[in-house]
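Have a look at the sequence and the model first.

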Amino acid sequence: NPISATIRNCTFTQNQANGIMVFSAGVPANSPSITVQSSRFENNEEAGICFQGWARGTAWANYCANNHYGILVTHRAFAQLQSNRCERNRTHGIAFCQQSNGFATNNTCINNSLGDFLVERSSGAHPVFGVGNVGVIRFR
């Protein structure tokens with residue numbers, strides 16, 4: 001059966017991979033639904049927060065700095081990203097890659113090495129950007 005969980009007020013630092021990874025290899029009906037809220041993700045080798053596979057989730061009011069990606073949504077994952085701050089990451093603050101989907105509103109992405117927001121439209125990513133995002137969106 002699908003699971004749901006909320007991770008709140010936690011700190012994820014100096015992990016050799018992602019700070020937290022929400023992953024599902026199954027079909028969307030059985031995908032986990034995870035909420036990550038008011039947490040810190042710093043100095044992780046991969047993403048601070050990663051939604052991958054068929055995963056579904058929400059990232060709200062998190063701080064992601066000095067990771068490879070601040071927040072990465074990839075494969076066929078769906079994520080709602082709201083009021084996150086992503087800065088000084090080695091690639092992008094927030095990236096929607098491959099055939100991922102979701103919504104992004106009121107996020108602040110600044111001073112990330114390769115850009116603030118990335119959308120891989122050529123690979124099939126189609127997120128919706130709402131109001132209040134701060135940073136430049138790059139389409140590839």
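This is a predicted model: local features need pLDDT of at least 70, side-chain atom pairs count only at pLDDT 80 or more; totals for chains, interfaces and linings use all residues.

Residues are numbered from 1 along each chain as its sequence is written, and side-chain values use heavy atoms, with hydrogens and water left out.

Let's begin with the cysteines. With a disulfide taken as a pair of cysteine sulfur atoms within 2.5 Å, the count is zero. For C10, the closest cysteine sulfur belongs to C64 and lies 13 Å away, too far for a bond. C109 is in no disulfide either, its nearest cysteine sulfur being that of C86, at 4.3 Å. Buried here means under 20% relative accessible area, exposed over 50%, and partly exposed in between (1.4 Å probe, protein chains only). C109 is buried at 0%, whereas C10 is partly exposed at 30%.

Now to the charges. A salt bridge puts a side-chain nitrogen of Lys or Arg within 4 Å of a carboxyl oxygen of Asp or Glu, and the model has four of them. Among them are these:

| Pair | N to O distance | Relative accessible area |
|---|---|---|
| R40 and E42 | 3.1 Å | R40 38%, E42 17% |
| E87 and R85 | 3.2 Å | E87 10%, R85 34% |
| E120 and R140 | 2.6 Å | E120 13%, R140 40% |

Salt bridges with shared partners also join R85, E87 and R88 into one network.
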